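The following paragraphs go through one protein model. Please keep the sequence and the structure in view while reading.

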Amino acid sequence: MSKKAYVLACATQLALVGVLGSGAPVLAAPATKDVVKNYGDLAEAMYSDALAKAKDLDKSVDALLAAPSAETLEAARTAWKASRVPYMQTEGFRFGNKIVDDWEGNVNSWPLDEGLIDYVDKASYGDTKEENPLYTANIIANKQIRLGPKILDASKINKEVIGKLNSALNVEANVGTGYHAIEFLLWGQNLHKPGVKAGERPASDFDLKNCTHENCDRRRDYLKAASDLLVDDLTEMVGNWKPDGAARKALGAQDESAQLSTILTGLGSLSYGELAGERMKLGVLLHDPEEAHDCFSNNTQNSHYYDEVGMIALWNGKYDGPTATSGPSIADLARAKAPEAAKRVDEAMATTLEKMHAIKAKADSGEMLYDQMLAAGNDEGNKLILDGVDALVAQARALEGVVAALNLKVKIEGSDSLDDPDKVAKAK
């Protein structure tokens, strides 16, 4: 080999060592503006898909009301479950984006005191609840209800009227709109009798000619108003994430560190305080089937699973829904600047998805429903959920590692269920 060739070979080898290091390529960090743009594109795509499925649900409600039957009711229930798939994947946009947080209560507030809306089984539900004067207000049966010093005129049930029920009297469990109000109307109470997988509201509750449980005309009006309002609310949020929308502008007005913190705040808070704590650990602590997120339909396992699918999509900047979208991500940036911290998140998310899938598979098979997993003495079921909780907590801690490595400031939402479980037990 000539001296010139030898020098060139050595230079090439040194260059390769610099690129490959320990075997992993040195990645170029994407520009924050490109990460933020793709984050907005993901939001627009996900909420657009949620809107499309809400419109499908609205059409199925129209079909149910046009010809109430077991078949049209089941079709509406199927459409409701399908509508949850894209929506749950959007929940990682919460906590960091104020526009989303201010709006979210209209579409996904939970749990709700269903006696505010319609008839309930008093033997299991009770007549009163000290902290909620509207516990059994039953607006479908009553053309006016008292909201403190004011009287709400509900002689005609419409979108405006049911919207006024949300957080009425400053009680969070007063929920009049959104997915869970619709869920209750389609399934009715889940009375948790042996062998009953979900609520069993009859289609005749919407039948003007063969009405059961009275007030079928008003129940029909309520269901239609709630379905229409869900479409309106999701239309609003899609607009907020358009290129010139309010949510994109609000995010764009922040400095780069704050923009990245917004993304990680949503992922960390959904992982820890909301999903691991309030939606999963609390139910096991209380052994209460009412703490299942989709308790009327017994669809909770799917909602939890798609929450995690959505978080992985936001982390990786890649959404595989009908409006598929991909681009530079917070993960790409972390892998370039803090590869070990990013690797821990990748591994934690893979583990969490596995644990969530185990819950989903067990419940979907019918072998053990989610509300059964919560029961006292069901060690196997409790462990399935708690394994998911542990994985979500580890995921949140891994995300905190990225926050630290990138020198960002993030406040992750907590939960007494995780931070002070004795307090929860005493409050029971």
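How do the residues of the lining of the largest cavity divide into nonpolar, polar and charged? They divide into 7 nonpolar, 3 polar and no charged; here Ala, Val, Leu, Ile, Met, Phe, Trp, Tyr, Cys and Pro count as nonpolar, Asp, Glu, Lys and Arg as charged, and the others, Gly among them, as polar. This is a predicted model, in which local features need pLDDT of at least 70 and side-chain atom pairs count only at pLDDT 80 or more, while totals for chains, interfaces and linings use all residues. Residues are numbered from 1 along each chain as its sequence is written, and side-chain values use heavy atoms, with hydrogens and water left out.

The largest cavity has a volume of about 40 Å³. On a 1 Å grid over the protein atoms alone, a cavity is a set of points where a 1.4 Å probe fits but cannot get out, a pocket is an open set with protein on both sides within 12 Å along at least five of seven lines, and lining residues have an atom within 4 Å of a point. Grid points are joined across faces, edges and corners, and a volume is the space filled by probe spheres set on the points. Helix H2 (residues 32-66) gives the most to the cavity lining, with 4 residues; helices (H or I, at least four residues) and strands (E, at least two) are DSSP runs, numbered from the N terminus. Leu314 and Gly317 are among the other lining residues.

H11 itself covers residues 300-316 and reaches 25 Å from its first C-alpha to its last, close to the expected 24 Å, which is 1.5 Å times one less than its number of residues. Because 13 of its 17 residues are buried, H11 is largely enclosed by the rest of the structure. Buried means under 20% relative accessible area, exposed over 50%, and partly exposed in between (1.4 Å probe, protein chains only).

Asn299 lies in the loop between helix H10 (256-286) and H11. At 4% relative accessibility, Asn299 counts as buried. Leaving aside residues up to four places away in sequence, Asn299 touches Trp80, Lys81, Arg84 and Asp294, contact meaning heavy atoms within 4.5 Å.

H10 is also one of the helices that each supply at least two residues to the lining of the largest pocket. This pocket has a volume of about 1,400 Å³. Its lining has 48 residues, of which Trp110, Pro111, Glu172, Ala173 and Glu291 lie nearest the centre. The lining divides into 15 nonpolar, 15 polar and 18 charged residues.
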